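Subject: Model handover

Hello,

Here is the model for you to look over. My notes on it follow below.

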Amino acid sequence: MQRWAKVINFQQAGLVGIIVILGLALTMFSGSHTDRLLGGTVNNFFNLSTVVQVATDTSTFAIMAVGMTMVIISGGIDLSVGSIYALAGVGMALALHAMPHAAGWQLVLTGLGVCCGTGLLAGFLNGVMVAKLGVHPFIITLGTMWVYRGIAFVTTNAESIPIPDAVIAVTKANLGLRKDLFPVPMLVMLTVTALGAIYLQRTTMGRRIFAVGGNIEAARYAGLSLSPILTGVYVLSGLCAGIAAFVGSGFYGAASSNDANGYELFVVASAVVGGASLAGGRGSAIGAFLGALLIVMIRQALRTLHTNQNYEWIIIGVAIVVAVVLDRASALARDRKLAQSR
């Protein structure tokens, strides 16, 4: 009985239910086709290729949403994640093209190092300005969003830079599965989600993020050093964007200054739909992953059911508004309950 209670009370139980219902609906109404590789008839949605593709599409949003959730829990927001993705991707491409004699894992490790290093540096600059200048993070990251993408634009002359085959071979490795299945982005996404969940729930630094986001004045009076905490969440957000850039640019084989343009909407939506409160103090890495999965499944539903894909912006916007309204209603209910208990 207690085990069932834990499942029912699980914070994202409702979100999991919606994802399952949407998946069942897509399976029922999407129709079927003949699989060219297997030779049999398979469902248009519920088949291994589509499931892995949905997971691949989810990976970049979910990886960045884990970092974004930490920022939102602290009471901030990071609008520059898409631009950090683009800057990290073109930085990796240009660095690897400057190494004509390198090959194999040397290229892979260098590319990963450039992406992560770029993300860390960009996130650090965001965090220092937010923590030291006292300016709202919306304004800081709105400015750096343009700066980072502008740097990527200038350094590439708006051209697409191909990624070396060694990096593509790693990000598109089939790991012994069918030749048309590429599970690496999905595995990286699950790893980042697991590490994010452990960091937020099982470490002192993670709990301090909740403390700062829940009540920054109480955290200050409790003796917490706010500057490292606020800087740290933006560093982690930048790191997640760098990891996503390595996976995404490597998977698609090229990087350009226009990559991840508009991803800020999807990443913030993933975090908010996943239960992160824009008022701060609440959120989870698992919720961010589930929010990203739901949004990608909505996009997949529009494609599978041959619906006008322009509706996805309306649906995602409505999802954000509904999530914020429900969060506000939940907060008011908690305040009322607390007042009555007193």
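Please keep in mind that this is a predicted model. I start with helix packing, then turn to the loops, a strand residue and the cysteines.

**H2 against H13**

Helix H2 covers residues 13–29, and helix H13 covers residues 285–304. They pack at an angle of about 20 degrees. Their axes are 10 Å apart. An angle under 35 degrees counts as roughly parallel, so H2 is roughly parallel to H13. The crossing of H2 past H13 is left-handed.

On the H2 side, the contact uses Leu15, Val16, Ile18, Ile19, Leu22, Gly23 and Leu26. On the H13 side, the residues include Gly287, Leu290, Gly291, Leu294, Ile298 and Thr304. Leu293, Met297 and Ala301 of H13 also take part. By type, the contact of H2 with H13 has twelve nonpolar residues, four polar and no charged.

**H3 against H13**

H13 also packs with helix H3, residues 48–73. Here the angle is about 140 degrees, and the axes are 8 Å apart. H3 and H13 are therefore oblique to each other. The crossing is right-handed.

H3 brings Thr50, Val54, Asp57, Thr58, Phe61, Ala62, Ala65, Val66 and Thr69 to this contact. H13 answers with Ala285, Ala288, Phe289, Ala292, Leu293, Val296, Met297, Arg299, Gln300 and Arg303. The contact of H3 with H13 divides into twelve nonpolar, four polar and three charged residues. Note Leu293 and Met297: they sit in the H13 contact with H2 and in the H13 contact with H3.

**H3 against H11**

H3 has another partner, helix H11, residues 226–252. The two pack at an angle of about 170 degrees, with axes 7 Å apart. Angles over 145 degrees count as roughly antiparallel. H3 and H11 are therefore roughly antiparallel.

From H3, the contact takes in Thr56, Asp57, Thr60, Ile63, Met64, Gly67, Met68, Met70 and Val71. From H11, it takes in Val233, Tyr234, Leu236, Ser237, Cys240, Ala241, Ile243, Ala244, Gly248, Phe251 and Tyr252. The tally for H3 with H11 is 14 nonpolar, five polar and one charged. Asp57 of H3 meets H11, and Asp57 is also in the contact with H13.

Which residues other than glycine have a positive phi here? One is Asn157, with a phi of about 55 degrees. Another is Ala158, with a phi near 65 degrees. Asn157 lies in the loop between helix H6 (137–156) and strand E3 (161–162). Ala158 lies in the loop between H6 and E3 too. Asn157 is exposed, at 61% relative accessibility. Ala158 is partly exposed, at 44%.

**Ser257**

Ser257 sits in the loop between strand E4 (254–255) and helix H12 (263–273). Is Ser257 buried or exposed? Its relative accessible area is 8%, so Ser257 is buried. Beyond its neighbours within four places in sequence, Ser257 contacts Ala86, Val90, Arg149, Ala152, Phe153, Thr156 and Ala158. That list includes Ala158, the positive-phi residue described above. Thr307 is 50 residues from Ser257 along the chain, and their C-alpha atoms are separated by 30 Å.

**His33**

His33 is in strand E1, residues 32–34. At 34% relative accessibility, His33 is partly exposed. Setting aside neighbours within four places in sequence, its contacts are Gly40, Thr41, Val42, Asn43, Asn44 and Asn47. Phe45 is twelve residues from His33 along the chain. The C-alpha atoms of His33 and Phe45 are separated by 9.9 Å.

**Cysteines**

How many disulfides does the structure hold? There are zero. Cys116 is in no disulfide, and its nearest cysteine sulfur, that of Cys115, is 6.8 Å away. A disulfide needs the two sulfur atoms within 2.5 Å. Cys116 counts as buried, at 16% relative accessibility.

Cys240 is in no disulfide either. The nearest cysteine sulfur to it is that of Cys116, 9.5 Å away. Cys240 is buried as well, at 8% relative accessibility. Cys240 is also one of the H11 residues that meet H3.

Best wishes

Notes
Residues numbered from 1 in each chain as written. Predicted model: local features only at pLDDT ≥ 70, side-chain atom pairs only at ≥ 80, totals over all residues. Heavy atoms only, no water. Buried < 20%, exposed > 50% of the residue type's maximum accessible area, 1.4 Å probe, protein only. Axes fitted to C-alpha atoms, helices over the stretch in contact; angles between N-to-C directions. Helix = DSSP H or I, 4+ residues; strand = E, 2+ residues; numbered from the N terminus. Parallel < 35°, antiparallel > 145°, perpendicular 65-115°, else oblique. Left-handed = near helix turned anticlockwise from the far one by under 90°. Contact = heavy atoms within 4.5 Å. Nonpolar A, V, L, I, M, F, W, Y, C, P; charged D, E, K, R; others polar.
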